[in-house]
Amino acid sequence: MAFWWTLIVIPFAYAICRFLLMLIPPNVPSIDVDASDVLDDGNQTQESGFIYIPPKGRTQQADRKVKCYEPATMKYLGCFPALTPAEVKDRVAQARKAQKVWAKSSFKQRRQFLRILLKYIIEHQKLICEISSRDTGKTMVDASMGEIMTTCEKITWLLSEGERWLKPEYRSSGRPMLHKRSKVEFHPLGVIGAIVSWNYSFHNIFNPMLAAVFSGNGIVIKVSENASWSGCFYFRIIQTALAAIGAPENLVEVVTGFAETGEALVSAVDKIIFVGSPGVGKMIMRKASETLIPVTLELGGKDAFIVCEDVDIAHVAQILVRAALQSSGQNCAGPERIYVHKDIYPSFVSQVEKIVKSVSAGPPLAGRYDMGAICLQDHSEKLQNLVNDALEKGAEIIARGRLGRLGEGAEDQFFPATVLVNVNHTMKLMREETFGPIMPIMKFSSDEEVVELANDSRFGLGCSVFSGSQQRAREIASQIHCGMAAINDMGASYMCQSLPFGGVKDSGFGRFAGIEGLRACCLVKSVVEDRWWPYVKTIIPKPILYPIAENGFEFLESLLKALYGLNIWDRLRALVNVLKILSDKNSSASSNRTA
């Protein structure tokens, strides 16, 4: 009885101690990041307050400056240098020098860096979201969900599990190597390069940076020319946190510029992570092939959103609209093709129509709007062209959201939430990545048909399948050729930071996030050593020592039968023959040699 009582008490006492330790707040220092030049306090100078006018007949590249503006108001924010290839290589060299020191850092020090960042983010959510909103046009709610929540979850996962997945992993040694210990080690690659997109300017910087730094690497990040203003402020947060733990200076660098800057980065680093379009991704692959560095490409998607007839229509309609309009539809993994079973098609469309008509779009910091701006100039025109092509081929607009009060010069930066029906795969809207607040809804009649429709795309990032039967939803999702699937949800896999993120086909290859993404920042090294050194070590059997004996092949033939034969009696007979050959003192090297 006393034995069993001990088995119960010890785990219970351990759990109580763990709980009590959780009540003790960790000793995490606060950092002070200067934000005086990015706060919009209403006292803007003329330089930082005038309406931005895009240059006519001359590109920004020609000016060698990255000019930044608020998409929602077209107010000028500032400019940053477009770094030359020589300047980029110098930044990489500085990061490489710092990384050699950082590679020797402890996981304890790396975790403290993450905790400092997490503390700052939680305490300055409003500031981070406002800066993202001003630079990319998204609402505060969209920034909170897409920038803050995802980043905090990644940090929390790394704190909880990061060290575990970077420690040596022991593997089985196999039959002929029973006396060996086999393991996989994960070493830093060196300096990682990341070329990131503008749509989530905070998270897209922190996502590769967190994995790279925690795994012992340095990193140089080229921020998008469409989000350089916010990116350079977010860089200050990283610099200040690194300084707080005594990390080497220049371990993380942020560079600004255009294609030339990105091309130089690819040539100088040990791995490149790219988030962007398929066309640019192919150019990066070509450039990376010159130095044969590993590449991770996340190139967008055209995700299928499948709704079977046995769902809660009102519930799924709300999920669809929330997912489709997040950040004005400017998401890599967003529902861009909606397939609804014919039996509930009218009811589902009616429900979506009702919700969308209540959605308003406008300057996110100037009023209470559901949607913000389109970040890129001229993208609203592209969206309208996709809609026009669909209308010409028989589609119909059944609902549009409302536009609020827009500032002079910013009218073209907004696009209302739009729902189309009677769509099909001949339309560009169902084939090209939209990256906007448009929901084309198409009927399907059977599970087989919807699987075929979902796979009829050059993209393969993710999918969502909704059904009253989880088994049915799983079966449909398992047949869709993509990198991620959500069952009765949309985009849920990215909030599970233990899971990898990435796709197939024109959506790219390689993974970031999760165990796979973390280890992708590493040199994966196989290591084999003697298990009982120096008492048991490898000895080459006499029949295969040079010069090789006449019965050398016979020895190996019997050895292989003994190791891998399917019949136990055949294996035992082969083992006896192996021992007989080894004990044969008359075994000698073959005298028949070719000169």
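Buried means under 20% relative accessible area, exposed means over 50%, and partly exposed lies in between (1.4 Å probe, protein chains only).

A word on the source. This is a predicted model, where local features need pLDDT of at least 70, side-chain atom pairs count only at pLDDT 80 or more, and totals for chains, interfaces and linings use all residues. Residues are numbered from 1 along each chain as its sequence is written, and side-chain values use heavy atoms, with hydrogens and water left out.

Back to cysteines. Cys-79 counts as partly exposed, at 35% relative accessibility.

Next, the sheet. Seven strands form an open sheet with mixed pairing, in the order E13-E15-E16-E11-E10-E18-E19. Strands (E, at least two residues) and helices (H or I, at least four) are DSSP runs, numbered from the N terminus. Two strands pair if DSSP finds at least two bridges between them. Which strands sit at the edges? Strand E13 (396–400) and strand E19 (484–487), each pairing on one side only. E13 and strand E15 (residues 418–421) run antiparallel, joined by four bridges. Take Arg-400: its bridge partner in E15 is Thr-418.

Helix H14 (residues 379–392) touches E13, E15 and strand E16 (438–444). Contact means heavy atoms within 4.5 Å. The direction of H14 makes about 135° with that of E13. Axes are lines fitted to C-alpha atoms, for helices over the stretch in contact, and angles run from 0 to 180 degrees between N-to-C directions. Helix H15 (residues 447–455) touches strand E10 (303–307), strand E11 (335–341) and E16.

Last, the cores. A nonpolar core is a set of buried Ala, Val, Leu, Ile, Met, Phe, Trp, Tyr and Cys residues joined through side-chain atoms within 4.5 Å. The largest has 76 residues; Phe-113, Phe-206, Met-209, Phe-233 and Ile-237 touch the most other members. Helix H9 (residues 228–244) gives the largest share, nine residues. A second, separate core has 33 residues, including Ala-317 and Ile-441.
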